[in-house]
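Welcome! Please take a look at the structure below, then work through the exercises one step at a time.

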Amino acid sequence: MKVERGFVPVGIVLVTLVYLGFELAFNIRLVDVAGGLPGRNEIDDLELQGRLLSATGASLLTLRLLAWLFARLPVTRPRLGALAGALCIAVLVFFGQKAAVDYLANSASPTEKRRAALAVLLAKGMKHCVAGIPELDLDCKAASAAEGKTFFVVLPAIAYASGSLTDSLNPKAAELVTTVVLAEAGSPERAYNERYVYSVNQLRDRFNRDYLAASRTLSGLPGDDADRSWNDYLQEINKHPFTPATATDMQRRRVIEALRKRGVDVPDHWRLDDRETFVDSLPQGRALRQFRARADAILGGRTSIAPGLDWALFSSHADVQGFVKRQIASGGSGFELPAGPIDLTLSFNAFKKQIFGPPVERRVREASEKVRLSSESYAPGGRNHQAGIDAIRAVIVPPIALGMSLLFALVNLGAILVGWTPLSARARGVLRMGIVACVLGLPLLLSNRITTSRAFERMSHGLEQRMPPAALLVNWVVRAEPVFYHVLAPAVAMVPTGLVYGTVETWMNSITHIRLTPSAHAAEKR
């Protein structure tokens, strides 16, 4: 049977290009997010997104292989068979990864969960430059580079698997967790000046410049009696030989023109019996609409605030309080804001005592109590059981997601390049094998400031003795990803944001709720 050639390969190429748009952006975002030690929600989103892309990448490779194989075999429906096989692989990879992660997280012993929690704590301490590993040349500046971000993706897994790092950390865990919480919260002076004072000053400027001006414009207009104006209109319309319901389009337009001459600016599509639009079109109604629009712009959303308020009433309004809290929170998540109203006239000492201090002290107390608890607290039903599961997931999800992302992106990219070469089928097969060998083996020959440190060599050696496959994956990722990141980030910076991030990744954002924005490195390049 002769199979139509070209259709399936062209379709695969188009789908692969779309997939690579997802995968490359995800890879950069993963390094930025996971390199910053993500929280529980971000880990869940990264896992879902990684499984989606891994399943897609694996299915595309399977589709290529089966399309090539079925074209040479007496298969009745080669395209359908290839698609069915690729779909089976996608389902297997998608749900297989989830099952593996869930099994590892739920089957971990209490001791392993505590060790994972300590591994994450060590990584956070190093990220905030309040902890370190002997003989590892990684300062704060290097930690924000591609090599440092990649290392932080795999550091929890290395520390967890080696055991020696977490064992040495155990006596100092309570002290370190206190330092980490304080580092995450930041200095109270910075929080006061850069968040609180800045937000209050910004709000007061908007109050003086926009809100008062809009209120004065509204108060300067004569009051309109909506009922009287509407009744006058009905009396006028009754003088005509038609009613609002029977008026022709020509008659309706004449009525609208007459109203506009009297200052009632009804829209073109207005119905003659629409009282609500009529009232809104009165001069006072138009001014009120304009005020609402300006008030919404001031507070960044729909608001019910009334005109004519003084600063005290304005600043205590619930919508204004919500705006201030959003502005303060947008500067970072180092400390929690109180549920009640915030006084906008606080001094630094009052701010530190009422807003900054209590939640930070509570977090320090709770975190210290948790790390002081024994491994039994991580058993099912224990106080730290869920925290232990989250720690295991934080240890294993980022490196697996990054390794899969990098592997499938490089192999699929190589498959596309091979398909465009004017070579014979045998030469293409040899070239494919060569690309796979280079993708798997060449990164192990690379080096950077992380891999050449004695600390990394020691940790890798310990990991090889405990988990050889994990050691190979960690070494491959730490060596390959920085090169990939350095090449990809500038390329992402040159692509119009609306072209890539406004089309391909909008769908992914709606699924995972992670904003796939250009990396910080790319933003700096721009």
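**Exercise 1.** About how many helical turns separate lysine 98 and aspartate 102 in helix H3 (residues 78-107)?

Residues are numbered from 1 along each chain as its sequence is written. The model is predicted, so local features need pLDDT of at least 70, side-chain atom pairs count only at pLDDT 80 or more, and totals for chains, interfaces and linings use all residues, while side-chain values use heavy atoms, with hydrogens and water left out.

*Solution.* 
- Step 1: Helices here are DSSP runs (H or I, at least four residues), numbered from the N terminus.
- Step 2: Lysine 98 and aspartate 102 are four residues apart in helix H3, so about one helical turn separates them.
- Step 3: Their side chains form a salt bridge at 3.3 Å, N to O; the term means a side-chain nitrogen of Lys or Arg within 4 Å of a carboxyl oxygen of Asp or Glu.
- Step 4: Lysine 98 has a relative accessible area of 34% and is partly exposed; buried means under 20%, exposed over 50%, and partly exposed in between, using a 1.4 Å probe and protein chains only.
- Step 5: Aspartate 102, at 24%, is partly exposed too.

**Exercise 2.** Find the helices that hold aspartate 44 and arginine 393, and describe how the two residues pair.

*Solution.* 
- Step 1: The closest N and O atoms of aspartate 44 and arginine 393 are 2.8 Å apart, in a salt bridge.
- Step 2: This pair links distant parts of the chain, with aspartate 44 in helix H2 (residues 40-70) and arginine 393 in helix H17 (residues 385-419), 349 residues apart.
- Step 3: Arginine 393 is buried, at 11% relative accessible area, whereas aspartate 44 is partly exposed, at 31%.
- Step 4: Both belong to a network of salt bridges that links Asp44, Glu47, Arg51, Lys98, Asp102 and Arg393.
- Step 5: In the whole structure, a search finds 14 salt bridges.

**Exercise 3.** Which side chain of opposite charge is nearest to arginine 115?

*Solution.* 
- Step 1: Locate arginine 115 in helix H4 (residues 110-127).
- Step 2: The nearest side chain of opposite charge is that of glutamate 112, 4.7 Å away. Lys and Arg count as positive and Asp and Glu as negative, with His and the chain ends not counted.
- Step 3: Arginine 115 is buried yet has no salt bridge.
- Step 4: A polar atom of the arginine 115 side chain lies 2.8 Å from the backbone oxygen of tyrosine 160.

Definitions and conventions: A polar contact is a pair of N or O atoms within 3.5 Å; within protein, one must be able to donate a hydrogen and the other to accept it, and residues adjacent in sequence count only if both atoms are side-chain atoms.
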